[in-house]
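Me: I have a structure open and want to go through it piece by piece. Can you help me read it?

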Amino acid sequence: YSLTQKGTYHFRRHSGAGDGNRTRLYSLGSCRSTDELHPHYLASSCSIAKQNRARQNRNKMDTNNTPLAVTPRTVVAAVIINDANTPEKILAAARSYPEDLAGQYEFPGGKIELGETPTAALERELQEELQITVRVGPELLPRQQEGQGATGFWPILADMRMRVFFAVLDPAGQTPHTTGSHSILKWVTEGESHVLPWLAPDQPIVQAAWHYIKAWAKLPKKFF
C-alpha cells in the first residue's frame, strides 16, 4: 500500500490480457480506480544506438508487471492468504538457512529471472519451494515517502529489492510443503503473526499486510 498526501492507501492490481494489459490503481478510501498503460521497451537490431537505448530502458525501475532486466537484483514474495473472500490467516515460512537466519520467518518467494514478469516468477518460485499453485492478486506497495511516489520496491539488502503480492491457493485445499528452503510453514492469525520472529525486512510487510486485509474486509468488491 502507499499513503497519499490525503492519507489514502492505495494498492496495485494487475488485470489480465483481456483488459488491455493495464494496471489498475485502487484507492482503499474511495474504491476509485485509474488506469495506467504498461510500458513496453522494444529493442531494434537496426542500429547500435537503438540497442543501447533499449538496454537502458530495460534496466529502468519498472513498477508494472512487465519482464524485467533488473539491476539491482529484484526478488518477489507472496502474502498467501487462507481465503480469497474472508482472509483470516497468512502463511509464514521459517528459513532453514543460512545459520544466522535459520528459524526466522519470511514471506516465501524468490528471484526474478531475466525476461520473467514478477507474477510469473512468483508462481514459479512458489511451485518450486512450496509445491503449490496460486492465483496472484493485488500488489502490496510500500508506504509512500514524503515528497516521493511509491516505488513498488520494499528494501531488503543493499544489493537487492523486493516486490510483494497477495496470493491465494488455486485450487483451494492444497497443502504447502517444505522442500529445503524452509523448515516450518504455518498459517497464522494477525495476533499469532505479531509474536513470530520475522526477518527484519519482512516486519513492516507483516504490518502492512494486516492493515490492508482489515481495510479489504470493508470493501464492497473483492480482488481475487
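Predicted model: local features only at pLDDT ≥ 70, side-chain atom pairs only at ≥ 80, totals over all residues.

Me: OK. How many residues does the largest nonpolar core have?
Reply: The largest nonpolar core has 28 residues. A nonpolar core is a set of buried Ala, Val, Leu, Ile, Met, Phe, Trp, Tyr and Cys residues joined through side-chain atoms within 4.5 Å. Buried means under 20% relative accessible area, with a 1.4 Å probe and protein chains only. V79, I90, F107, L140, F166 and I205 have the most contacts inside this core.

Me: And which element gives the most to this core?
Reply: That is α4, with eight residues. Helices (H or I, at least four residues) and strands (E, at least two) are DSSP runs, numbered from the N terminus.

Me: What is V79 in contact with?
Reply: Leaving aside neighbours within four places in sequence, V79 is in contact with I90, F107, V164, F165, F166, A167, I205 and A209. Contact means heavy atoms within 4.5 Å.

Me: Is there a second core, or what else is there?
Reply: A second, separate core has 16 residues, including I80, L91, L122 and L169.

Me: Switching to β6. Buried or exposed?
Reply: Six of the six residues of β6 are buried, so this strand is largely enclosed by the rest of the structure. I90, A92 and A94 lie on one side and L91, A93 and R95 on the other.

Me: Why two sides?
Reply: In a regular strand the side chains alternate between the two faces of the sheet.

Me: Which strands is β6 joined to?
Reply: Six bridges join β6 to β12 (residues 182-188), and the two run antiparallel. L91 stands opposite W187 there. β6 also runs antiparallel to β7 (residues 105-106), with two bridges. Two strands pair if DSSP finds at least two bridges between them.

Me: Now α2. Which of its residues are buried?
Reply: In α2 (residues 118-130), P118, T119, A121, L122, E125, L126, E129 and L130 are buried. They cover an arc of only 155° around the axis, which puts them on the same side of α2. The arc is that of the directions from the helix axis to the C-beta atoms.

Me: What covers them?
Reply: The cover includes β5, β6, β8 (109-111), β9 (134-140), β11 and β12.

How values were computed: Residues numbered from 1 in each chain as written. Heavy atoms only, no water. Buried < 20%, exposed > 50% of the residue type's maximum accessible area, 1.4 Å probe, protein only. Expected span 1.5 Å × (residues − 1).
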